[in-house]
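Dear colleague,

I am passing on the structure we spoke about, and below it I have set out what was found. Please read the notes with the coordinates open beside you.

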Amino acid sequence: MKDIVMEKDQKKVFAKFNDLALGRRDITKHSSKDLPKYSYAVNEFVSVFHPSQMEVVVTKIVEENENTKSFWIKREDGESMPPFQAGSYITLEVHTNGRIYKRPYTISSDTDSLKEYRITIQEEKNGIVSHYMCYDCKENDKFTVYGPFGHFHYSMIRDSSDIICLAGGSGITGVRSMIFDLLKSKKVSSIALVYGTKTVNDILWKKEFDELAKKNKNFKVTYLLSEEKRDDYPYGLMDEELLRSLNLEGKTFFVSGPVAMYQALNEIFIKLDIPNKFIRHEEFRDPLETDEEEIYELTIHQKGNVTVIPCKSSETLVQSMEEGRFSAPVHCTVGVCGYCRSKLLSGTVKTDTSALRKKDVDLKYIHPCVTYPLSDVEIELP
Amino acid sequence: MEKFDCIVIGAGNGGLVSALTLQKKGKKVLILEKGLAPGGLATSFRRGRFEFDVRTHELCGYGGVGNNGEIDSLFERLGIDSKIEMMQAQETFHVIDKLTKDEYTMPVGVDHFIEKMEEYVPGSRDAMTTFFGLCEDIKDALSYLHSEKGTIDEKDLYQKFPNFVQLAPYKVDAVLEKIKMPKKAIEILSTYWVYFGSAIDDVSFVHYASIVYSYVLYGPAIPKYTSHELSRALENEFKSAGGTIYYLSEVEKIDVEDGEVTGVQTKDQTFATSHVIANLSPKVVYGKMIQKENVPVENCQLENERILGAREITVYLGLNASLEDIGLHHSTYFLSNNLNSKVEYKKMQEVFHGNVVGFVPNVINAKASPDGTCILTLTSLIFGDGFDKLVSKENYFDVKEQFGDYLIRCFEETTGISIRKYIEEIEIATPLTFARYTGHPSGAIYGYMAKGYDNLLPRIFSEEEETRIKGLRFCGGFGSRLSDFSSTYLNGEDVAMKTLGE
Ligand SMILES: Cc1cc2nc3c(=O)[nH]c(=O)nc-3n(C[C@H](O)[C@H](O)[C@H](O)COP(=O)(O)OP(=O)(O)OC[C@H]3O[C@@H](n4cnc5c(N)ncnc54)[C@H](O)[C@@H]3O)c2cc1C
Ligand code: FES
């Protein structure tokens with residue numbers, strides 16, 4: 001290689017070379033001696049949008065119907081709630097029976113009122129948290145919540161400007177805030193809501209929806225009853241015929257409801273050849289069939305500690321942790337968010353790996369919130 | 001209280017390599033990571049049926065069988081080379097000049113690269129040959145410098161590497177002009193500048209040449225299972241060697257007594273150690289992790305002069321059609337308003353500036369997403385504070401979509417390829433997203449700006465002098481080798497060796 005000469009004078013060559021370090025020393029001589037600034041506008045935003053957790057107090061409880069209550073919550077520290085995209089959920093931590101439970105609940109209030117969030121909880125048969133909230137929770141009770149989280153959102157870029165919302169039961173919560181948000185912001189051209197409940201009394205916010213439909217020509221609502229026959233309401237479950245009647249070509253579906261509804265709809269979507277792109281759904285878990293009830297041992301490694309608790313073949317590892325008074329890191333509880341991701345060190349399990357990274361599936365990582373033990377199991381939690 | 005020989009804060013590229021290197025040398029090492037996965041920015045995430053690599057960058061300096069680059073050799077030393085699957089790109093990049101609609105596709109391999117340049121810019125061959133000759137000189141000099149432990153004698157260095165010592169103080173443009181590189185060839189050769197997060201006339205020639213050389217000589221490469229695969233491999237190797245790693249463990253304090261590191265505290269744990277390697281910004285470490293009276297004034301002064309490097313917006317798209325159906329043929333698209341990088345840099349002070357890098361992993365790895373689909377990520381650098389001024393609590397989600405929409409439009413208009421109708425999954429990351437996951441000041445992901453006395457060589461030459469708290473060193477993108485993947489991996493090893501030397 002030939003020599004390139006930027007500077008002929010050797011002395012100057014060395015002076016310039018040495019200046020690389022010396023100049024750096026000089027340049028800082030006169031600068032401020034204060035501790036360096038480490039937090040910028042963007043970092044402040046992060047703490048506004050994604051607080052690691054929030055202590056909240058229940059300000060108001062509204063009985064929506066026989067088995068559903070709404071809870072208005074605000075932060076104890078007086079800060080406003082984080083801005084959220086319609087369709088997001090928070091994770092509520094409940095202490096009862098000497099145990100700690102965490103459950104996701106979709107925010108059902110409007111995206112532009114951040115003094116408080118509203119969550120709406122329907123009592124589940126034998127459900128621990130939903131039962132606690134609907135029967136034992138009082139105004140002024142305090143909770144810890146995490147979030148908001150989730151990806152069940154409308155995207156102007158990806159989604160059609162004509163959307164169809166299919167909601168069942170308490171699945172209406174996120175859809176409600178989505179509809180109000182989209183109509184207010186005029187981001188969509190039309191919304192058709194099909195809202196399925198068991199009976200008329202189960203319909204949440206009926207007056208609100210009816211008024212909204214009156215005011216907005218581009219919003220239509222259809223109520224569908226599955227357990228009450230009435231002349232003034234259609235009867236049955238969401239089926240192919242109903243979907244076809246919605247003029248579905250090129251429209252995006254937002255689906256939120258009980259698991260059985262997703263399963264039924266999925267079959268129809270496949271039959272109608274609707275591309276994935278047009279189907280958005282709230283995060284949910286496909287329940288896995290479990291065999292007879294067996295009791296095994298669950299060994300948990302976490303930050304150098306080892307805990308052994310019993311676990312049942314019919315319960316997820318997270319449910320077993322709850323019962324065993326082990327505080328599990330969970331947010332979504334349905335195998336989607338990745339927060340509980342753990343390494344399976346030994347044992348066999350039945351699990352759903354569909355939301356894991358490919359490499360992690362190979363390396364035997366699991367989401368304990370959707371994992372059922374088939375033997376004694378040993379895992380390493382984050 | 002448990003005691004470790006060394007505690008590494010942050011499991012980014014630098015941190016993982018530092019920790020693994022020390023653990024392999026028989027030291028007892030603990031990594032404390034605030035997040036849930038190894039790798040820092042070298043990670044991936046799932047949306048629907050897609051898995052997206054967070055950073056669109058390809059790895060340089062890999063090479064693989066028969067053409068081992070520095071990174072491949074490093075991975076061999078670390079014992080992970082047989083545990084990962086790397087895929088080589090067939091071309092370095094494809095650049096489109098929006099103004100003239102001219103397109104240039106540059107191949108892998110020095111000779112091919114020179115030939116192709118001669119085709120585009122007749123008469124460039126000599127200068128290009130000189131350029132790559134200088135690259136070779138610089139590469140040798142740098143590896144000599146990195147392996148030299150003691151102080152460097154400039155006269156001795158000049159004997160060994162005259163070109164290196166001559167060129168060391170100069171910026172990219174000065175050297176390229178000196179070797180009579182034709183203007184058009186300078187423009188094409190500067191294409192990679194956006195990967196540096198600093199303006200081309202700020203970046204030192206030595207730094208630029210070493211990286212470009214590494215791309216051209218070895219070809220860009222990506223891991224088959226996204227960069228998460230590399231991070232997991234490093235983590236697994238570290239654990240197999242007996243290392244300990246705790247997640248969800250944000251370090252709040254580094255204890256310092258009489259100018260020496262004594263321990264580290266998280267919210268709920270305290271550890272004893274006399275060595276800390278921080279894979280994060282010194283601004284954060286000196287700014288809030290060490291008690292004020294123990295922070296050397298000179299380090300504060302230095303940090304107060306340092307400028308954060310570029311930030312970025314990235315749009316991740318999962319497309320529901322194949323490469324052929326969509327018409328995507330290149331792995332890396334550089335879309336430039338103006339091939340003159342100085343003009344471009346000025347333009348890029350605006351928030352919506354139209355300089356976009358598109359990356360299509362499926363061109364290199366057909367299995368990067370399910371059959372009949374592909375992935376396209378669009379990245380745009382952010383300089384200045386336009387983003388911060390634009391964003392508010394009320395408009396953030398809308399602004400995010402606006403950016404996404406804009407980048408897609410830029411890509412479609414410049415390439416003539418329509419992608420919008422294929423979008424099945426979309427995610428948009430802004431500085432806020434990067435700040436959330438890394439904790440870096442302002443969401444900066446290129447470490448500090450390579451500018452003036454904060455370029456590669458001044459950093460390397462000053463590293464020892466600036467290590468004023470005994471036992472505290474920095475690695476990763478804010479470290480002395482600057483910020484790309486390869487540099488942070490290599491820097492991780494350097495820092496581990498220096499710690500070992502203490
Ligand atoms: C993203 C998301 C958003 C959600 N949003 C809402 C919302 O807005 N409103 C709302 O009401 N709900 C919502 N849910 C559901 C909610 O999180 C809870 O799952 C629900 O309230 C039930 O919790 P639980 O503790 O009462 O029931 P759990 O105690 O968790 O029980 C759940 C079900 O499992 C059964 N079960 C429990 N233990 C056993 C066992 N040992 N053997 C057999 N079966 C068992 C119960 O009978 C019950 O049917 C949402 C869920 C997700 C994933
Ligand atoms: S808690 Fe979300 S994946 Fe398990």
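**Loops and backbone details**

Asn247(A) is found in the loop between helix H6 (240–244) and strand S10 (252–256) of chain A. Please keep in mind throughout that this is a predicted model. The phi of Asn247(A) is near 60°, which is a positive value in a residue other than glycine, and at a relative accessibility of 59% Asn247(A) counts as exposed.

**The parallel sheet of chain A**

Five strands of chain A form an open sheet with parallel pairing, in the order S9-S8-S7-S10-S11. Its edge strands are strand S9 (219–225) and strand S11 (279–281) of chain A, each of which pairs on one side only, and the twist averages 15° from one strand to the next. Within this sheet, strand S7 (residues 162–168) of chain A is joined to S10(A) by five bridges, the two running parallel, and Ile163(A) stands opposite Thr252(A) in S10(A).

Two helices can be described against these strands. Helix H4 (residues 172–185) of chain A lies across S7, strand S8 (190–197), S9 and S10 of chain A, and runs at about 160° to S8(A). Helix H7 (residues 259–271) of chain A also packs on the sheet, where it touches S7, S10 and S11 of chain A, and its direction makes about 155° with that of S10(A).

**A hairpin in chain A**

Further along chain A, strand S12 (residues 295–302) and strand S13 (residues 305–312) pair in the antiparallel sense over eight bridges, with His301(A) standing opposite Val306(A) in S13(A). S12(A) and S13(A) form a hairpin with two residues between them, and Lys303(A) in the turn has a positive phi of about 45°. S12(A) is also joined by four bridges to strand S18 (residues 377–380) of chain A, and these two run parallel; here Thr299(A) stands opposite Glu378(A) in S18(A).

**The mixed sheet of chain B**

In chain B, seven strands make up an open sheet with mixed pairing, in the order S8-S7-S16-S17-S18-S15-S19. Strand S8 (103–107) and strand S19 (423–429) of chain B stand at the edges with a single partner strand each, so one side of each is left without a neighbour in the sheet. The twist averages 15° from one strand to the next. Strand S15 (residues 311–319) of chain B is joined to S19(B) by six bridges, the two running antiparallel, and Tyr316(B) stands opposite Glu427(B) in S19(B). Helix H3 (residues 110–120) of chain B packs on the sheet and touches strand S7 (91–97) and S8 of chain B, with a direction that makes about 160° with that of S8(B).

**Where the two chains meet**

How many residues does the contact take from each chain? Chain A gives 73 residues and chain B gives 101 residues. The area buried between chain A and chain B is about 7700 Å², and carbon and sulfur atoms give 60% of that area. Seven salt bridges are counted between the two chains; one of the salt bridges is formed by Arg25(A) with Glu465(B), whose closest N and O atoms are 2.8 Å apart. Across the interface, 42 residue pairs are found in polar contact, with both residues at pLDDT 80 or more. On the side of chain A that touches chain B, the elements that give two or more residues are helix H1 (10–27), helix H2 (41–49) and helix H9 (358–362) of chain A, and the largest share of that side, 13 residues, comes from H1(A).

With best wishes

Note on methods:
Residues are numbered from 1 along each chain as its sequence is written. Chains are lettered from A and ligands numbered from 1 in the order in which they are written. This is a predicted model: local features need pLDDT of at least 70, side-chain atom pairs count only at pLDDT 80 or more; totals for chains, interfaces and linings use all residues. Side-chain values use heavy atoms; hydrogens and water are left out. Two strands pair if DSSP finds at least two bridges between them. Axes are lines fitted to C-alpha atoms, for helices over the stretch in contact, and angles run from 0 to 180 degrees between N-to-C directions. Contact means heavy atoms within 4.5 Å. Buried area is the accessible area (1.4 Å probe) that two parts lose on being put together, summed over both. A salt bridge is a side-chain nitrogen of Lys or Arg within 4 Å of a carboxyl oxygen of Asp or Glu. A polar contact is a pair of N or O atoms within 3.5 Å; within protein, one must be able to donate a hydrogen and the other to accept it, and residues adjacent in sequence count only if both atoms are side-chain atoms. Buried means under 20% relative accessible area, exposed over 50%, partly exposed in between (1.4 Å probe, protein chains only).
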